[in-house]
Amino acid sequence: MMAGLIQRMRAMAPFLLLAGLVALAYGAAIDNEYVWDDRYFLVDFAWMDSLASAWRTAFSPLFMAEAYVRPLPLLTLYADNLFGVHRAAVSHGVNIALHFATASLVFLLARDAVRQMAHESQGGSKPALAAAALFAVHPALTEAVVWVSSRFDLLATLFMMAGFWLSTRDRLRDGALASGVGALFLLAAFSKELAAVFPVILVAFIVLREAARRGGPPSLKVLLHRRWKLTFGVLFFAGLAYLAVRFHVLAGSAGISRPSYDLEQWVRTCAAIARYVQLTFLPFAGNSPQHTFIWNAQRTLIDYLPHIAISVLFALSVAWLLMRRTRSGWVLAAWSVGYLLVIHLVPISIGNNVVQQRFMYLPTAVLFSLAPYMLAGIKLSHAAKRAVPAFLLVLLLAALVVVRSIVPAWKADLSLWAWARKMDPASGMARENLIWAYLDRGMYEELDREVELLSKDGISTSINAPINVGVSHHNRGDMELALSYYEMAKAKSDTATQAQRSALLNNMAGAYARLGRDQEAVDAIRKAIALDRNNHMALANLLAFCDGYTVNLAGYDEVVLRRAAERRATILRTLKEYRPGSSLAGLCPVELQKK
């Protein structure tokens with residue numbers, strides 16, 4: 001009885017240690033707010049009041065015009081809102097729990113690798129725990145854990161890691177294993193498109209494991225076994241099922257644009273590879289939400305020669321190791337495959353960034369899971385063996401300190417973007433988001449100062465910066481100055497989404513209405529609604545403009561109508577304050593003027 005209890009406690013010990021480490025590193029994130037895109041999913045979607053509305057929205061193209069279908073993470077985010085009573089602590093707690101679960105799978109996979117290399121069925125917990133612990137507090141992965149909107153990467157990685165682990169369960173029947181792996185692949189695909197690399201990385205897990213068991217070099221011949229032919233057959237049909245759902249959801253959306261493989265694009269790819277290599281193996285410096293890629297007269301090919309050299313050397317090294325049929329080559333290849341979709345070989349919507357650190361989550365989990373296959377052959381002296389535990393402890397403590405220093409930076413939008421601006425002053429996204437953070441807090445003096453510095457530094461931004469500066473003057477009552485910034489935003493609207501253009505035109509309509517420029521207000525509000533019928537603020541403006549008239553609301557979503565009705569009274573009151581005694585009849589489109 002006692003012996004059994006002790007055995008169970010020993011079996012649980014690694015997981016308890018990982019849980020404690022994750023809590024120590026990320027526990028403070030529970031007090032963080034929603035930041036950045038979190039507002040889109042949770043604050044702006046606070047009106048979502050039922051599972052039916054959550055389901056409907058989750059199975060819609062993400063961000064309205066993008067080629068993303070990610071219903072599972074969206075459903076969990078909306079569930080956070082529905083059942084968490086709109087508390088950020090709930091969402092952060094879920095992310096931390098998912099990170100612990102993934103770290104546990106890294107431990108299980110690394111332990112299996114140690115056992116296969118040693119040809120043993122027991123043991124291997126200490127080196128596997130070291131690998132999982134380093135993954136759990138890897139500084140470059142902090143963004144994926146503390147940013148609620150990284151739920152896409154967390155869930156996709158968790159399902160894929162579970163699939164890799166399931167492939168190591170020798171006692172499972174072929175059909176059960178194939179079905180389980182296929183189901184987990186499908187879940188990962190509905191979490192993020194990154195799952196496309198799952199079958200390729202799975203090959204590496206299978207080949208390395210079989211090579212370790214028979215003590216020979218890695219070989220693809222193992223895939224001819226009935227077990228794996230059945231598994232990859234199921235993966236094929238699971239992929240077809242995913243594509244069918246994806247096609248249905250994305251019907252009529254923008255889709256993925258074709259890449260242009262010019263010199264700038266190739267240099268960007270090399271810079272991304274070099275930065276991911278640096279952040280993986282030297283993660284104690286350079287962590288930031290933004291990593292801007294600059295390609296202009298000031299920074300050209302010469303400036304990126306070190307990045308190009310590192311990426312080419314790395315690629316050649318992996319190719320050479322693969323040709324020599326080494327385990328190291330297979331491990332590094334599997335790690336590299338995890339980055340294939342995010343090194344700009346295909347277009348990705350990350351602004352002018354060369355990398356995003358949340359994209360490192362899956363590749364790093366794969367690397368630490370497979371590391372025992374690569375490190376097992378290294379011969380160490382007796383002194384070196386004694387020094388390894390101390391070295392690993394120092395690494396863990398250093399990583400823990402760095403992670404705990406990054407977590408508070410993500411506490412609120414203001415602290416996040418002030419930090420991002422400090423780490424990457426050339427980032428237009430960091431600068432424009434800092435402007436938005438100042439606007440959100442009503443810090444207009446700081447906002448004006450940042451606008452001056454932005455102009456002085458010559459940093460280009462998206463349409464969002466002039467819109468938000470315009471809104472700040474709108475809020476301060478200077479409609480003419482607000483319109484001047486809206487016009488600047490309009491000049492940048494060629495690359496904006498329909499939702500962004502609709503929001504801009506709605507803001508312009510509101511400013512025109514307050515200035516008594518009724519026809520311009522009518523033209524702007526018509527265009528705003530035509531561009532995005534889900535823009536509840538535009539509909540609210542229209543309802544206020546048409547006060548006293550019956551507006552045909554057929555075809556509008558129920559939730560959009562409800563949100564618009566809530567805003568209408570405030571807009572109408574503000575209009576009457578700006579235009580005392582003046583009729584609003586000229587603001588209502590003629591075709592809607594029915595008593």
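Colleague: Which helix gives the most to the lining of the second largest pocket?
Modeller: Bear in mind that this is a predicted model. The general idea comes before the case: rolling a probe the size of a water molecule over the atoms shows where empty space is left. Here, helix 16 gives the most to the lining of the second largest pocket, namely seven residues.

Colleague: Which other helices supply at least two residues of that lining?
Modeller: Besides helix 16 (382-406), they are helix 5 (88-118), helix 6 (125-136), helix 12 (263-281) and helix 15 (361-375).

Colleague: What volume does the second largest pocket have, and which residues lie nearest its centre?
Modeller: Its volume is about 1,200 Å³. The lining has 30 residues, and those nearest the centre are A130, L134, A371, L375 and L392.

Colleague: How does the lining of the second largest pocket divide into nonpolar, polar and charged residues?
Modeller: You will find 26 nonpolar residues there, along with two polar and two charged ones.

Colleague: Let us go on to cavities. How many cavities of 30 Å³ or more are there?
Modeller: The count is three. The largest cavity has a volume of about 50 Å³.

Colleague: Which residues line the largest cavity?
Modeller: Look for P139, T142, E143, N287, S288, P289, Q357, I406, W410 and W419. By type, this lining divides into five nonpolar, four polar and one charged.

Colleague: I noticed E143 in that list. Which serine is in contact with E143?
Modeller: That is S150, which also contacts A144 and R358 when neighbours within four places in sequence are left aside. S150 is found in the loop between helix 7 (142-146) and helix 8 (151-166).

Colleague: Is S150 buried or exposed?
Modeller: S150 counts as buried, because its relative accessibility is 0%.

Colleague: How does S179 compare, buried or partly exposed?
Modeller: S179 is partly exposed, with a relative accessible area of 45%. This serine lies in helix 9 (residues 174-189).

Colleague: Now for cysteines in pairs. How many disulfides does the structure hold?
Modeller: A disulfide is a covalent bond between the sulfur atoms of two cysteines. This structure holds one. The bond joins C546 to C588, with an S to S distance of 2.1 Å. The link of C546 and C588 is right-handed, with 95° about the S-S bond.

Colleague: Which parts does the pair tie together?
Modeller: C546 lies in the loop between helix 24 (536-545) and helix 25 (558-578), whereas C588 lies in the segment after helix 25, so the pair ties together parts that are 42 residues apart in sequence. C546 is buried, at 1% relative accessible area, and C588 is buried as well, at 2%.

Colleague: What about the backbone? Which residues have a positive phi without being glycine?
Modeller: Take two cases. W36 has a positive phi of about 55°, and R325 has one near 60°. W36 sits in the loop between helix 1 (2-26) and helix 2 (38-43), while R325 is in the loop between helix 13 (305-323) and helix 14 (327-337).

Colleague: Are W36 and R325 buried or partly exposed?
Modeller: W36 counts as buried, at 15% relative accessibility. R325 is partly exposed, with a relative accessible area of 43%.

Colleague: Lastly, into which domains is the protein divided?
Modeller: There is domain 1 (1-410) and there is domain 2 (526-594). Taken over C-alpha atoms, their centres are separated by 46 Å.

Key
Residues numbered from 1 in each chain as written. Predicted model: local features only at pLDDT ≥ 70, side-chain atom pairs only at ≥ 80, totals over all residues. Heavy atoms only, no water. 1 Å grid on protein atoms, 1.4 Å probe; cavity = no way out; pocket = protein on both sides within 12 Å on 5 of 7 lines; lining within 4 Å. Points joined across faces, edges and corners; volume = space filled by probe spheres on them. Nonpolar A, V, L, I, M, F, W, Y, C, P; charged D, E, K, R; others polar. Helix = DSSP H or I, 4+ residues; strand = E, 2+ residues; numbered from the N terminus. Disulfide = S-S within 2.5 Å. Buried < 20%, exposed > 50% of the residue type's maximum accessible area, 1.4 Å probe, protein only. Domains from an automatic or database assignment. Contact = heavy atoms within 4.5 Å.
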